[in-house]
Amino acid sequence: MLADNSSSTGSSGRSPAGGPIRTTKPLKRGKACMNCRFLKIKCDGVKPVCGPCRRHPKEDECEYADGPGRSRTKALEEQVSRLEARLQELENPDATTPSVKLHDPYAQYHERMSKTPPLFIPPDPAPFAPLSPFSPTSTSSSLPSGRHWNTFSALKPTTEPTGTEEPSHLLIQNLLDKFLPHGAEFGFFLHSSTFRTNALLHLPFGHPSRPTPALLSVVYLWGVHLGPSEALLLEEHAFLTRAVQHVSTDLLGTHPSRVLHTLQAQVLLAYYFFRTGRFLEAKWQTGAAVSLALGSGFHKIRSANTSTPVTLGLTHDAPVYLDPPQTNLEEGERINAFWAVFVLHKIITVALEPPSNVCGALEAPGIQIDVPWPLEVNSYLDGMLSPETRGNATVRSFLGGVQSSLAGGDSTSTLVAKASILFHRAAHLTGQWTPNMQQREFQAFAAAFQTVNRLIETFRSHLPPITKHEANDPAVRTLILIHGLTDAASIKLHGIFAYADSASKQHCLTAARNVIQCGGVNLTDVGYLNPIMGTLWMTACHVFIDEVSRLRLHQASWPEPSTGGGDLTEEELMEHLRNGLNALSLYSEDNVLTREFYVIQIKTALLIEEIPGYQLTKVQEAFSAI
């Protein structure tokens with residue numbers, strides 16, 4: 001029976017359980033799943049899940065290398081291959097072709113720069129690496145292309161108008177002679193004669209003995225802007241483009257005066273943008289100048305308080321400080337540099353910001369200005385800055401009523417700084433006023449109001465009169481600015497109460513009349529003035545417009561004859577208004593700030609004018625509402 005059973009089973013080809021016998025063939029090499037290959041066990045090759053993976057599930061899914069999609073292992077292998085190729089590319093950049101090539105938007109610019117002579121490079125290496133206000137705090141910082149931060153340099157010079165490094169020597173002379181006589185009105189604080197001599201040296205553009213490329217480029221721009229040449233005026237935008245480029249990169253260079261000269265270039269560029277009606281750029285350059293002045297510690301020069309030196313950057317993991325001034329003139333220029341930035345900040349802020357926003361970095365908590373008051377730049381050459389001179393809370397002391405103790409009184413530069421402080425302070429205080437103040441807030445406001453008003457009146461009483469000088473004397477331009485800022489501060493302070501308080505109204509009318517009259521000098525003989533004068537004349541014109549409006553309203557209610565404005569008749573008020581419009585008209589001919597926008601024509605029974613200008617437009621719009 002056993003033999004038969006055995007024979008029958010073998011012949012029938014069935015298993016003892018009655019099922020068919022499955023004979024498995026060995027899988028070809030590489031056909032097993034990834035798990036079985038890793039564990040080195042026999043795989044039956046069943047898809048999608050083989051027998052061993054089905055009987056003993058694992059964390060990794062059953063995958064085959066020859067499947068229709070990429071397996072996880074295959075993807076990892078490909079990633080490793082790509083990383084190895086990229087590593088080889090980075091280690092040997094010249095021997096391989098980059099796997100990713102980015103578009104260079106400045107290719108044309110670099111091509112144009114490569115056709116011009118290179119920037120002068122000093123033969124000796126700089127004692128420390130080029131500095132930037134954006135320098136990293138560690139030499140291990142990561143930068144594109146693996147370049148260390150101290151290998152970056154300033155832009156190479158290129159002058160689009162002439163196709164050479166810079167204008168011809170004769171043209172440079174003409175541009176300097178056009179700008180320097182009026183430079184003080186636009187924030188130029190360096191010694192003019194020394195600057196002119198160094199600028200005219202027959203040395204390459206960027207040589208350390210000459211001013212920095214940024215400063216020269218901005219001065220050339222101003223010379224073109226103020227000059228009469230129509231051909232050069234057509235190239236003004238090209239000069240501007242080059243100036244902006246160098247201002248943004250000169251701090252990366254190795255010029256010994258790059259911090260001071262960049263600061264000067266930023267101040268001049270801010271005034272240029274302000275004068276040409278490009279207010280956003282003006283505020284931008286002003287903010288950059290304030291940051292650079294504070295970051296360089298110029299507000300702590302000659303401080304009576306102990307302070308740690310300002311760290312400008314790091315080189316070879318060692319701190320770098322600003323080089324100490326080598327001469328009295330250099331130290332004086334740094335002092336005057338801070339105050340030029342300070343005045344610019346005050347002027348731009350009041351002119352372009354609403355009263356409630358009249359504040360900024362120089363008023364931030366913790367910022368204490370200790371630098372002494374500025375002197376005339378020639379006074380530093382004469383040794384007027386004694387070694388004992390120290391500053392301590394300079395601005396705060398002035399606002400607190402502390403008088404400066406300089407022999408011979410305040411310098412003209414100091415008077416400009418103090419007038420700008422009062423102008424800014426009055427505008428800031430006005431922005432804090434609200435009719436529904438609480439009792440305590442009102443008492444604090446009233447005390448601050450009286451303090452500022454007393455400061456303005458005291459300061460005005462000590463000002464030298466404008467009539468002491470001839471109209472073509474450069475000092476007249478500065479005195480007109482000082483008196484104008486002081487009177488405008490009075491208008492800003494009392495203007496909000498002029499309708500309700502007769503004393504405030506008289507303050508405004510007197511101050512407005514002073515701003516318009518400019519000391520009685522003939523403005524046609526004065527020359528260029530600080531661009532803020534347009535804003536000051538506009539402020540004064542609004543005082544007369546408001547008073548005429550009030551007077552007409554009063555006459556409509558009370559037909560009896562009456563005078564307005566402290567014995568000023570309507571005809572006298574209109575005469576002052578015409579004088580203000582004439583001043584705006586005179587300076588609108590070459591000042592884009594006063595002619596930037598479309599002008600409306602005003603027709604009234606007493607005044608028919610059509611004068612271009614942004615400030616004129618504002619004044620005329622207000623007058624049309626009378």
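A: Let's begin with E570, which counts as buried because its relative accessibility is 12%; buried means under 20% relative accessible area, exposed means over 50%, and partly exposed covers what lies in between, using a 1.4 Å probe and protein chains only. E570 belongs to helix α21, residues 570-588. Helices are DSSP runs of H or I with at least four residues, strands are runs of E with at least two, and the numbering starts at the N terminus. The side chain of E570 makes a polar contact of 2.8 Å with that of R552. A polar contact is a pair of N or O atoms within 3.5 Å; within protein, one must be able to donate a hydrogen and the other to accept it, and residues adjacent in sequence count only if both atoms are side-chain atoms.

Before going on, a word about what you are looking at. This is a predicted model, in which local features need pLDDT of at least 70 and side-chain atom pairs count only at pLDDT 80 or more, while totals for chains, interfaces and linings use all residues. Residues are numbered from 1 along each chain as its sequence is written, and side-chain values use heavy atoms, with hydrogens and water left out.

Now to the salt bridges. Side chains of opposite charge can pair when their charged atoms come close. Here a salt bridge is a side-chain nitrogen of Lys or Arg within 4 Å of a carboxyl oxygen of Asp or Glu, and the structure holds 14 of them.

One of these joins R210 and E166, whose closest N and O atoms are 2.6 Å apart. The two residues are 44 positions apart and tie together distant parts of the chain: R210 sits in the loop between α7 (192-199) and α8 (213-226), and E166 in the loop between α5 (107-114) and α6 (169-179). R210 counts as buried because its relative accessibility is 2%. E166 is buried as well, at 11%.

Another salt bridge links E331 and R302, at 2.8 Å from N to O. This pair too connects distant parts of the chain, 29 residues apart, with E331 in helix α13 (residues 328-352) and R302 in the loop between α12 (279-295) and β1 (311-315). Both partners are buried.

R550 and E547 also meet in a salt bridge, here at 2.7 Å from N to O. These two residues share helix α20 (residues 532-557), and because they are 3 residues apart, about one helical turn separates them. R550 is partly exposed, with a relative accessible area of 21%, whereas E547 is buried at 4%. Finally, E457, R460 and D487 are linked in a network of salt bridges.

Most residues other than glycine have a negative phi, and most peptide bonds are trans. D317 has a positive phi of about 65° although it is not a glycine; D317 is located in the loop between β1 and β2 (318-321) and is exposed, with a relative accessible area of 57%. A393, also not a glycine, has a positive phi of about 50°. You will find A393 in the loop between α14 (377-381) and α15 (394-399), where it counts as buried at 11% relative accessibility. A cis peptide bond, with omega about 10°, joins K47 and P48, and P48 lies in the loop between α2 and α3.

To place all this in the whole, picture a protein chain with 22 helices and 4 strands. Of its 626 residues, 43% count as buried.

How confident is the prediction? The mean pLDDT of the protein chain is 80, and 75% of its residues reach 70 or more; pLDDT is the predictor's confidence in each residue, from 0 to 100.
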